[in-house]
Amino acid sequence: MTASDRHVRVLVVDDEPQIREALASVLEDAYDDIDLAASAEEGLETAAEHAPDVVILDLTLPRMSGLEACRRLREWYDGPILILSVHEGEADKIAALDMGADDYITKPFAAGELLARLRALLRRGRNEEPPLAEVRVGGLCVDIPRRTVTLDGQPVRLTPMEFDILAVLARNPGRVVTSRALIQAVWGPDAVEDTRSLRVHVMHLRQKIEPRGDFPRYILTEPGVGFRLAEAEPSTSN
């Protein structure tokens, strides 16, 4: 391992204290920066604040599941995600990979295997163009990792569904997102293609962020195709 290999930030999200301590002990021998989180919510906040190079995420967590945490991470995070689970079933592995995980390891596992999988994931590197974390269009600001929206500096309260729709559009500023792609991204790959429900949610979203309902400024309709967010400003940050 080279000196540069040590300068890797690893985020561990697991609700079992003994597992977190064991992982920290193994990882500290290989990497300099280890962040530990006991819940999905804490893990998402830590990821947003400290930008890990790799995330180790337990599948079974209280309140918010590891699958949901993985889905939310993939709204903005492009680094590798390694899932930990006591379940060995193929369905669990497929579900995790479909949600955006890069690899899957079952408990109990050998320290050597864990480190080897992390090295393999880190070698793959990140995408050349990482997903946008914050998007600004005019007075509208969408902070994807923190799931917050402001309009002209004032917070806008959205339902989880409304935010998910806006986040998908925000990750593709200026590009048309088909209704089918929106539905699958928000409701899941097996969701029924209910464009009427999608239009209702978009209508409610527009009521909260558009200065004029009869002349949308931010969420534009492409008739018969889908929707797009107006082009983001050049100052959009990653």
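What follows is a short exchange about a predicted model.

The model is predicted, so local features need pLDDT of at least 70 and side-chain atom pairs count only at pLDDT 80 or more, while totals for chains, interfaces and linings use all residues. Residues are numbered from 1 along each chain as its sequence is written, and side-chain values use heavy atoms, with hydrogens and water left out.

Trainee: What is the volume of the largest cavity?

Mentor: On a 1 Å grid over the protein atoms alone, a cavity is a set of points where a 1.4 Å probe fits but cannot get out, and lining residues have an atom within 4 Å of a point. Grid points are joined across faces, edges and corners, and a volume is the space filled by probe spheres set on the points. A search of the whole structure finds one cavity of 30 Å³ or more. The volume of the largest cavity is about 40 Å³.

Trainee: Which element gives the largest share of the lining of the largest cavity?

Mentor: Helices (H or I, at least four residues) and strands (E, at least two) are DSSP runs, numbered from the N terminus. At least two lining residues each come from β1 (9–13), α3 (40–50), β3 (54–58) and α4 (66–73). With three residues, the largest share is that of α3.

Trainee: Which residues lie nearest the centre of the largest pocket?

Mentor: A pocket is an open set of points with protein on both sides within 12 Å along at least five of seven lines. The largest pocket holds about 370 Å³ of space. Its lining has 17 residues, and those nearest the centre are R71, D98, M99, Q184 and A185.

Trainee: Which element supplies the largest share of the lining of the largest pocket?

Mentor: Two or more lining residues come from each of α5 (90–98), α7 (160–170) and α8 (179–187). The largest share is four residues, and the element is α8.

Trainee: How many residues of α7 are buried?

Mentor: Buried means under 20% relative accessible area, exposed over 50% and partly exposed in between (1.4 Å probe, protein chains only). The buried residues of α7 include E162, F163 and D164. Of its eleven residues, the number buried is nine.

Trainee: Why is the aromatic pair edge-to-face?

Mentor: Rings of Phe, Tyr and Trp (its six-membered ring) pair if their centres lie within 6.5 Å; planes under 30 degrees apart count as stacked, over 60 as edge-to-face and the rest as tilted. By this rule there is one aromatic pair. The ring centres of W76 and Y77 are 5.9 Å apart and the planes stand at 65°, so the pair is edge-to-face.
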